[in-house]
Every structure is written in structure tokens, then in C-alpha cells.
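Visitor: I am new to this structure and would be grateful for a close look at a single part, the surroundings of the ligand. Please describe them step by step.

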Amino acid sequence: MSDKKFYITTPIYYVNDKLHIGHAYTTIMADVYARYYREILGKESVFFLTGADEHGLKIFQSAEKKGLQPQEFVDKAASEFKNVWSKLNISYDEFIRTTDPRHIKIVQDFLQQIYDKGLIYKATYKGIYCIGCEKYLSQEEIVGNVCPSHPNLSLVEQEEENYFLKLKELSSKVLSEINKGTYAILPEERRNEILGKIKQGIEDISISRVGIPWGVPVPWDDKHTVYVWVDALINYYSATQIYPGRKEFWPASVHLMAKDILWFHSVIWEGMLIAGNLSLPKNIFAHGFFTSNGQKMSKTLGNVIDPIDLVTEYGVDATRYLLVTAFQFGQDGDISLSRFKEKYNSDLANGIGNLVARVSKLAEKLTGNPTDFKKFSQKESLEKIEKYFTEFHPDDALRFVWSKINTLDKKIAEEKPWEEESIENLGKLLKTYIENLIEIGYLLKPFMPETSVKILEIFTQSKISKPEALFLRK
Ligand code: MSP
């Protein structure tokens, strides 16, 4: 990621479901990256894309259930998505929707070009389809007659004429690009899984369906619509073509997602790009999958955690903090609301909140600010944590900031500045504390943008005074 331009994407989420903390996690992580690289490379050198996946049978059926026209349904859902992202302070540059006519045109042109090259053919396909996953399942993926990810949906046996992409033929090129390191599949364990699966053999993939009332028509045969995953993956490319000034961002620096959809992103997508003669993304990073109180989040179990409830309870920056540090980036983990509360109190209310309150209260005794705060640089501070970003451990960067906070807390406890009677000596002690806090303020910017500004506002004044509590105890 030494490039001068940084392009990061999240998956475009299906509009038939409400966003939960799983989606919020991916999007916050992408936001942290985007905010970080805007400081390092400059705002104009970063492109952060998210969006909505709006086609396909399950979306059509969800609209019907609500008695809405599909377009009305997706319009409403997309605006709800934007509302959630704004509450989480997500600084996306563009929000792409697959029903955007400009995207549809690019999908059609892209496929037509591959068809003209002879890499797409028509054949009959028979298989078991899961509408929840929007894919055909292999026998191994079916457990006890159901799809383990969508146990309450019945599987459909389908036999129909489909158009197929010659993925089998393309797969040796995909494999050689992975081996050459043209793109990285991360973390390492995931890469090994993908390589293992490629070696087992790849089948051609169906890229169209018949009789789907809500989708992109196949340009050379309008009885068919483009398979939703093919339509959706192309968003990453079409966004660079649709929005002004974004062409030079192609290919993406990072496609971020959870491991559930890594195969689509690390093999099928690259096969499509090779077929279409487009350059390949640089990094595909799959983070882990969350459960909630030990179980998969599901409406039926009633354990879905709504990120907006967290924002209401703890505020936006605390929600971002709790999610980013919930577990190691890349690993699975279990979310529990009681652990969030404990962590909120220990790390935020008693941690950074208390530290800022103590130091600013003591600094009220001084006539001025003992630090040379104007000489500090946001960029220089943030460069110190760059390796965490290039090595895909942004969560460890935040843990590193917390280790600085803890060290400073200990130092203050040892030095007992509140016992200091001489104002001059107190000024000397506070100078170090405040310098540390200014650096902490800078380092927090990508993760907790509002808290960062608040800390800097307090400690870069010529006269410091104690503010309202940053995080109230719960
Ligand atoms: N529409 C497709 C993506 C197309 S991208 C070209 C899709 N949508 S989805 O709404 O199901 O989103 C899946 C993604 O949401 C995951 O890859 C992950 O980013 C996020 N998560 C959804 N549930 C999650 C967890 N329980 N845990 C962690 N992340 C999860 O697939």
C-alpha cells in the first residue's frame, strides 16, 4: 500500500435486511482506513466506496411482502442505510446502488465484451439454489436438507438454461496471479483455504438466470437477467467510471469484507476481471464473523444487535471504539452487550475520559499552556502508526494508543501532581502529560473523530480549562 492513491471498498449490503453490527464493523473498519489515509496521502488521494445491493429475487419478494414497488422499496432501504452510516460517522465518498442506470450500463457493456470474446456460453444447469445466499449450493454445503446460513428458507431445485462464464479455463490464470503476488488474499490462513479450494477444481459459473423480474437484462438475450453476484461485484469497477475524477483509482487497494463472501471476492471477481481485461485489485482482506451471545445473529433468535442502539446508549465514538477493539482484525468473535458495558466503563469513562478530566483540571491552575502545541503535527503523529495499517492490524493501532493512555495514567499516579505545591513544578509535570495527550488526540482521529477534536480543542488552547466529561459512567 505504498501507492499514492488509496481506494477501499466495503461489500454492498443487501437491502432486504436491516443493517446490524456485523455490517457496521466492516464499514467502520473501512472508514478508519479511509480517514487514516486521508491524513497521510491527502483527501483527494482517497476513495472510500460503500453501497447497496438492490437486485434479485429476494429483494423483489421483500418488496412484495411490504406491498411496495421494488424501486420504492430499494429507495427507502438505501436511504435507511445512509442514515445508519451517518449516525456512525462513516465518511464514505460515494454510495453506489446497483439500480443506478449508469451502473447497469457498465454491467451490460462489461459482459457484452466478455461474451464477444467467446468466454460466455449457454448451457442447461441443474442444481439446488439458496435464495438467501443467492447461489447454487454444492452437496457438501447442504446440511440436513437446508442451507446452514438460512435454515428457515426452503432450498429450490432448479433446472434452467443459463449463461456460463468459463471460469474453469480462467482459473489457471487466477491461480498464477495469486502465486505471483499480483494481489494478496488476507489473512494468510484464508489465502491457504482459497488456494486449497482452487486446487480441488473450479467449475464454470452461471452468470444469468431466467424469469427473475428484478435485475439487469443480459444485453444479448433479454429473457435472462444478470446473476446478482456478477452485477454486484462489478460495482467496484463501475463506481470508478461513474463518479467524476475516480477513474485513476482503479484497481482497488483493498476490498474489505467478512470471510463469508471471500470466494466471490478472491476468485470469481478476479476471473471476471481477467476475462474483461481489467487490472486486478491489490488486497482482499476478509475479517472474521461475529456471533451474538454465542449464536449466529438472527431475527428468529432475537439476538441481532442494532448499531443505532449502541450509538444511543454509548455515543458514536464509543460504539466505534467498542467494535474496532472487539477482537483481532481477521478473527471470529462473540459479541456480548455486558462486555461492551464493562469495556466502556473501564477504557472510556474511567480510562481516557478520566485522564483528560484530571489533567485539564490540574492545568486550570496554570496561567498558560506549558506546551509548544503549535509545533505538533497530525500527520507526523499518524505516520508513527502506519505499519499497523499496511500490515492490516488497524485494531492494534488503537490498542497501542490505549497502551499510551495506560502508561500516562500510571505515570501520573506515581508522580502525584496534585500534591505539587509549586506552580512552576506543576507546570513541568503537566507539560509532559499534555504533550502526550495532544499526541493521543492526533492518533485517535481515524478511529474516534469527535473525541480527537475534543481532546485537541482542550489541550491546544493558550489557557486550559476542564471540559464536560467525555464519557459518562454507565
Ligand atoms: N450483497 C452481498 C455483497 C456483495 S459485494 C459485491 C452480501 N451482502 S450482505 O448484506 O450479506 O453482507 C455481507 C457482509 O456483511 C459480510 O461480508 C460482512 O462484511 C458483513 N457482515 C454481515 N454479518 C456479519 C457478521 N455476523 N459478522 C461480521 N461481519 C458480517 O453478501
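Guide: A residue is counted as near a molecule if one of its heavy atoms lies within 4 Å of it. The model considered here is a predicted one. In this model, 24 residues surround the ligand, and the closest are Ile12, Thr26, Asp53, Asp260 and Phe290.

Two of these closest residues, Thr26 and Asp53, also place polar side-chain atoms beside the ligand. For threonine 26, such an atom lies 2.7 Å from an oxygen atom of the ligand. For aspartate 53, a polar side-chain atom lies 2.7 Å from a nitrogen atom of the ligand. Alanine 258 takes part through its backbone: an N or O atom there lies 2.9 Å from an oxygen atom of the ligand. As for cover, the ligand taken alone exposes 670 Å², and the protein buries 93% of that area.

The shell may next be described by the elements that build it. Those that give two or more residues to the shell are strand 1 (6-14), helix 1 (21-41), helix 7 (228-233), helix 8 (235-242) and strand 12 (254-258). Strand 1 gives the most, with four residues.

Sorted by class, the residues around the ligand comprise 14 nonpolar, eight polar and two charged ones.

Definitions and conventions: Residues numbered from 1 in each chain as written. Predicted model: local features only at pLDDT ≥ 70, side-chain atom pairs only at ≥ 80, totals over all residues. Heavy atoms only, no water. Polar contact = N/O pair within 3.5 Å; in protein donor to acceptor, adjacent residues only side chain to side chain. Areas by Shrake-Rupley, 256 points an atom, 1.4 Å probe, with all protein chains shown as cover. Nonpolar A, V, L, I, M, F, W, Y, C, P; charged D, E, K, R; others polar.
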